[in-house]
Amino acid sequence: MTTHDEHDHPLRWGVLGATSYIATHLMPVVASTPGCALTAVASRPERHAAAAELGRTYGATAHADYQALVEDPAVDAVYIPLPNTDHVDWTLRALAAGKHVLVEKPMAMDEEGCARIEKAAEAASRTVMEAFMYRFHPQQRRAAEILRSGEIGELRLVRASFAFRIESGSGNIRLDPALGGGATWDVGCYAVDVPLLFFGEAPHQVSARFSSRPGLTVDTSAVATMDFGQGRSAVVDYSIDYGPRAAYELQGTHGTLTVRNAWAMEGEDGVITVLSGDGVREETVPSANHYQRQVAAFAQAVRDGSPAPMSLAESRRTARVSSAFVASAAAGGAAVVTSGEVTETR
Ligand SMILES: NC(=O)c1ccc[n+]([C@@H]2O[C@H](COP(=O)([O-])OP(=O)(O)OC[C@H]3O[C@@H](n4cnc5c(N)ncnc54)[C@H](OP(=O)(O)O)[C@@H]3O)[C@@H](O)[C@H]2O)c1
């Protein structure tokens, strides 16, 4: 892995797509993270005015097509918050141009897409990471510490529940099947990732049931179970039909730990509740900007040539399990998850 010499210049970021989320969350974060600079933003040609406006705001070059940004010599790292169906293609193009890549979740909508990215990243000696920003909030690290401390015993059950509502007719990319829309590949990523993060492995088998809001062709709500073997399970639900929720529980042989809001933003403390034989106690984890921590951690990995904090193997695993949810829902039964692909449904 080649390293980026921070004494030369800060890590120079380019962003594909002049999205509203980017304008409000990512650009201010990149521009204010030590060791990082925002040097370019690109839109599709017909939306150049939006990129030009963001470029003016941040003193960044505004490109009128994505490929021009990917090939811009003043860009070291590309951030990709495009529709889900574009994540693999633009990650591969950025790697081919010698850039490091932070790509929004889901990295790919199947395991094969992640594997292609892994191969290309290795060949190019560049860092690629899937942007699971919630993992960079200290409350998730604290939850892992409490679990390791043994306070709730051996982990047996993870419950994860993630939702936010998207109105029909809003034109949101998440409602368009052609752009990789649907709850599973959007908010479902979090519900899949939490049990994998805390069990540290993929389940052997999953069973998922999807539903779609009348008039929509993408899945909009889901409930699912995961079997990790040895009496270990996860129960998850996610939705773009319901009001906001981003909670999870780790239930062990001696107690339960609850994270009330895994998406806690800057200005909102994280709250962890622990219920055990000793009673109930609550811990406050001070507010943090998980987007900024994610950008800083990625830049550090690039600078040091060290592994990205979320590995490509983890991304492959998340894609494999999400694909198993899709297979299970389509078959109306359980789907077996192997170390390779989802091989059978029954
Ligand atoms: N981690 C988080 O907190 C978080 C939050 C929001 C979104 N995301 C992720 O970011 C990605 C984008 O979500 P978003 O809410 O930012 O979406 P969005 O506002 O609709 O933006 C998507 C952008 O993609 C570009 N694009 C390219 N082809 C397009 C097409 N055919 N139709 C529409 N847009 C197209 C557009 O940029 P131009 O028009 O400028 O070319 C558009 O601004 C998703 O993968 C999502 O999961 C993550």
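Okay, quick definition before anything else: when I say "domain" here, I mean a stretch whose bounds come from an automatic or database domain assignment. And keep in mind that what's on the screen is a predicted model.

So, with that, the protein splits into domain 1, residues 11–133, and domain 2, which takes in 135–293 plus 319–345. If you take the C-alpha centres of domain 1 and domain 2, they're 26 Å apart.

Now, the ligand. Where does the ligand sit? In the largest pocket.

What's the shell made of? Eleven nonpolar residues, seven charged and five polar. Out of those 23 residues around the ligand, the ones that come nearest are Ala18, Arg44, Arg47, Tyr66 and Tyr291.

With Asn84 it's the side chain, where a polar atom lies 3.0 Å from an oxygen of the ligand. His87 also brings a polar side-chain atom, 3.2 Å from a ligand oxygen.

And how much of the ligand's accessible area does the protein cover? On its own the ligand has 890 Å², and the protein covers 83% of that.

Okay, that's my bit. Over to you.

Technical notes: Residues are numbered from 1 along each chain as its sequence is written. This is a predicted model: local features need pLDDT of at least 70, side-chain atom pairs count only at pLDDT 80 or more; totals for chains, interfaces and linings use all residues. Side-chain values use heavy atoms; hydrogens and water are left out. A residue is near a molecule or strand if one of its heavy atoms lies within 4 Å of it. A polar contact is a pair of N or O atoms within 3.5 Å; within protein, one must be able to donate a hydrogen and the other to accept it, and residues adjacent in sequence count only if both atoms are side-chain atoms. Accessible areas come from the Shrake-Rupley method with a 1.4 Å probe; for residues, only the protein chains shown count as cover. On a 1 Å grid over the protein atoms alone, a cavity is a set of points where a 1.4 Å probe fits but cannot get out, and a pocket is an open set with protein on both sides within 12 Å along at least five of seven lines; lining residues have an atom within 4 Å of a point. A molecule sits in a cavity or pocket if more than half of its atoms lie within 2 Å of its grid points. Ala, Val, Leu, Ile, Met, Phe, Trp, Tyr, Cys and Pro count as nonpolar, Asp, Glu, Lys and Arg as charged, and the others, Gly among them, as polar.
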